[in-house]
Each structure stands twice: as C-alpha cells, then as structure tokens.
Amino acid sequence: KLYDDGAAKYKIKQKTFQSGKPVKNPYTNQELRLTKKEAKAEFGTNWKKHLAEADHIHPLHKVFEEYKDDPWISNEDIRQAANDESNLEVVPREYNNAKRDRTNEEFANDTDYRKGKTKFTKNGKQKAIENGEKAKAAIERKLAIRKLNNMRKAFHEGGKASAVSAAEMTLVISGVNNILAVIKGEKSPGEALKCVGKDVASSTVPAYVLGGGMNVITHTLTRVDSPLIKSLVKAGAPGKIVSIVMATGGTLTRYFQGEISTGQCLRELGNTGCNMTWTGYAMMAGQA
C-alpha cells in the first residue's frame, strides 16, 4: 500500500493499448483486453487469462527488502523507482495473480508451482527472465542516483551550517584581536578589516568540509544494528573524534617521523587540548 502506485499502473495500461493494435502477453502469447467487460464478452469464463493488468516486473516487496535499511533511500525514492515504466508491464490477471511477489526468474523456474497456472511459450520463459534482470538493473541505477543526490544535499546542508558557525565564532575572536591592534596603533582600520575577512574566509572552508562530512557520516550510522554505535552517534562522538584527529594529526605525524622529540610532542598535544577547550568556550561566548 505504501509503495504501490495505481496511477502509474493505469498509465502503462493506457499506453500499451493506445495504438489500437492487438496486445498480447509477451511470455504466453495470450491476447489481452483492456477492460473486464471486453474480456468477458469475448472469452467468457476464461476472461482472467485475457484481462490486462499492470504488473511490477521486479516486485515491490523485493525492492523494499533490498533498500529498507539504506539510510540514504527514502520511501518516496523507493516508490518512484519501483513504479517507473521500466518496472511495469501489462500481463493477464491470471499470470499476475499466480506470480504474486516472485521475481520473473523465480516464477519462470518454479515449474511445479506453475502447473495449471501459467504456460510459457518456447522463448517466453527466457524473455521473462531477461526482462526481470533489466527491470532490477534500472531500479538499481535510479536509486544509486537518488542516493548520491541525497548524500550531496545532506553534505551541503551540514557544511553550510558549520561554515556559518565557524564564521561567526572567527568574526568575534578575530574582530576583538584586530580592534585591539587598531587601538594600539599596530594596524590601520583598513588592515584590520582585511585581516578579519581573511580569518573568516580561512575558517569557513574547512568547517564546511568537516560539517558536511560529519553530517553524512552521522546519518549513515543511524541505521546500523550495533547499540554501541547508535549511542556514540547520539552523543556526537564521530564529530568529536574527527575533530581531535584533525587537531592532533599533524603533531603525531611529525613525532612518528622523528621530526620532533617526545617532550615537544607532549607540549604540542597539551597546547592543542587547551586550544580545543578554549574554542568550545569561545563558541558559546560568541553565540551569547
């Protein structure tokens, strides 16, 4: 009910019959009629074998099972991809009722189940399997594109919010420092403004990248099964970990390469920790 689209199925039926030429089931070669009235009038009690119905080639249930745990695919994404023309075809009601939520391949190869229900033509079975594979591939392509677009949008939104916060905080801190420099006569007002602008610009780019990346990482981890990871995500741990690695990574790299001593490494890490603590308080002060 959530994913089925009656309008899309009606549209594919109308499109199939609009030429006025005879319509046949591509797998069983049965002639089809658009309405129940027409099918009953011409074929009597066998009308179900000739009444046209729109069928999802790759079943809705299968699409749901394949994408239900993907945090970047929404219900609307699944609905649109599954009800695209590439995944709809016109078949007899008897065929549709028998197939149910099986794929074309599952239905075609289950000869015991199909006894007395559906009989394929010589090439119909292989054609059904091929069409099923094409339909599934089309859904995968469409949802891959939607997934990338959703991730790109989340990255931009998270990055934009982080860049604004970074710009506001930098503006306060850099502004105060440069105002003091003007009062002391160390800089002219014009020079101070240029410095503030430069500081703000240099802070927003890494903040945009970090904020966007963290938004993508956090959203991706919301669908994991591990209760531990879920609790870490809720506490904002991924962002804190990445921030710490970015802040201390350069120091540790130089230490492991032998460029600085153990004492220098510890002092720099201590300073970094103080700076990170100060940044947190400065952000709160800036917001206030």
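Buried means under 20% relative accessible area, exposed means over 50%, and partly exposed lies in between, with a 1.4 Å probe and protein chains only. The model is predicted, so local features need pLDDT of at least 70 and side-chain atom pairs count only at pLDDT 80 or more, while totals for chains, interfaces and linings use all residues. Residues are numbered from 1 along each chain as its sequence is written, and side-chain values use heavy atoms, with hydrogens and water left out.

**Exercise 1.** Decide whether V91 is buried or exposed, and find its separation from D55.

Solution. 
- Step 1: V91 is part of strand β4; strands are DSSP runs (E, at least two residues) and helices are runs of H or I with at least four, numbered from the N terminus.
- Step 2: V91 has 0% relative accessibility, so V91 is buried.
- Step 3: Between the C-alpha atoms of V91 and D55 there are 6.7 Å, although the two are 36 residues apart in sequence.

**Exercise 2.** Describe how α8 is oriented against α9 and how α4 is oriented against α8.

Solution. 
- Step 1: The axes of α8 (residues 124–183) and α9 (residues 189–221) come within 6 Å and cross at roughly 155°. Axes are lines fitted to C-alpha atoms, for helices over the stretch in contact, and angles run from 0 to 180 degrees between N-to-C directions.
- Step 2: α8 and α9 are therefore roughly antiparallel (over 145 degrees; under 35 is roughly parallel, 65 to 115 roughly perpendicular, the rest oblique).
- Step 3: The contact of α8 with α9 has 17 nonpolar, 14 polar and 2 charged residues. Ala, Val, Leu, Ile, Met, Phe, Trp, Tyr, Cys and Pro count as nonpolar, Asp, Glu, Lys and Arg as charged, and the others, Gly among them, as polar.
- Step 4: For α4 (residues 75–82) and α8, the axes come within 9 Å and cross at roughly 150°. This makes α4 roughly antiparallel to α8.
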